[in-house]
Amino acid sequence: MGFNRVDVSTFLYRIMTNITIGSFSISLFAILFGIILFVVGYVLTRQFQNWLDRNVMARSRLDTGVRNSIRTITGYIASALPR
């Protein structure tokens, strides 16, 4: 009695790579990869915004409102880039 190791691994592989509902196919691995890619892109964008604010804009003595606008625009541009 019990589960066969090969059957369990085959079942998990099928779930992670291909779930078919009617004519629609979903890959949980692709969804997970997309989420990870989004989080990495978000973190890198935040780090770039902080670096830009601390190292570039702080030296230029820009008004706080202008600095915040540039940070916001930078975030929008990074969000629009294909990942």
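How many aromatic pairs does the structure hold? The structure, a predicted model, holds 2 aromatic pairs. In one of them, the rings of phenylalanine 38 and tyrosine 42 have centres 6.5 Å apart and planes at 20°, so this pair is stacked; planes under 30 degrees apart count as stacked. Both phenylalanine 38 and tyrosine 42 belong to helix α2, where they sit 4 residues apart, about one turn of the helix. Tyrosine 42 has a relative accessible area of 43%, so it is partly exposed.

**Helix α2 from end to end**

Let's follow the helix that carries this pair. Helix α2 runs over residues 28–60 and has 33 residues. From its first C-alpha to its last, α2 reaches 47 Å, close to the 48 Å expected at 1.5 Å a residue. Along the way α2 bends by about 35°, and the bend is at aspartate 53.

Which residues of α2 are buried? They are Gly41, Thr45, Gln49, Leu52, Asp53 and Met57. The cover over the buried residues of α2 includes α3, which spans 64–80. Threonine 45 gives a handy example from α2: its relative accessibility is 15%, so threonine 45 counts as buried, the cut-off being under 20%. Leaving aside residues up to four places away in sequence, threonine 45 touches Gly75 and Ala78.

Serine 60 also lies in helix α2, but with a relative accessibility of 41% serine 60 counts as partly exposed. Between serine 60 and leucine 44 there are 23 Å in space, C-alpha to C-alpha, for a separation of 16 residues in sequence.

| Residue | Relative accessible area | Class |
|---|---|---|
| Threonine 45 | 15% | buried |
| Serine 60 | 41% | partly exposed |
| Tyrosine 42 | 43% | partly exposed |
| Arginine 61 | 79% | exposed |

**The loop after α2**

Arginine 61 deserves a look of its own. Arginine 61 lies in the loop between α2 and α3, just after α2. What is the phi of arginine 61? It is positive, at about 60°, although arginine 61 is not a glycine. With a relative accessible area of 79%, arginine 61 is exposed.

Now for the charged side chains. Side chains of opposite charge can pair when their charged atoms come close. The structure holds 1 salt bridge. Arginine 67 forms a salt bridge with aspartate 53, and the closest N and O atoms of the two are 2.9 Å apart. This pair links distant parts of the chain, with arginine 67 in helix α3 and aspartate 53 in helix α2, 14 residues apart. Aspartate 53 is also where α2 bends, and it is one of the buried residues of α2.

Arginine 71 is found in helix α3 as well. Which side chain of opposite charge is nearest to arginine 71, and how far away is it? It is aspartate 53, at 4.1 Å. Arginine 71 has no salt bridge, because the cut-off is within 4 Å. Even so, arginine 71 is buried. Its contacts, not counting residues up to four places away in sequence, are Arg46, Gln49, Asn50, Asp53 and Met57. Among these, Gln49, Asp53 and Met57 are buried in α2.

Methods:
Residues are numbered from 1 along each chain as its sequence is written. This is a predicted model: local features need pLDDT of at least 70, side-chain atom pairs count only at pLDDT 80 or more; totals for chains, interfaces and linings use all residues. Side-chain values use heavy atoms; hydrogens and water are left out. Helices (H or I, at least four residues) and strands (E, at least two) are DSSP runs, numbered from the N terminus. The expected span of a helix is 1.5 Å times one less than its number of residues. The bend at a residue is the angle between axes fitted to the seven residues ending there and the seven starting there. Buried means under 20% relative accessible area, exposed over 50%, partly exposed in between (1.4 Å probe, protein chains only). Contact means heavy atoms within 4.5 Å. Rings of Phe, Tyr and Trp (its six-membered ring) pair if their centres lie within 6.5 Å; planes under 30 degrees apart count as stacked, over 60 as edge-to-face and the rest as tilted. Lys and Arg count as positive and Asp and Glu as negative; His and the chain ends are not counted.
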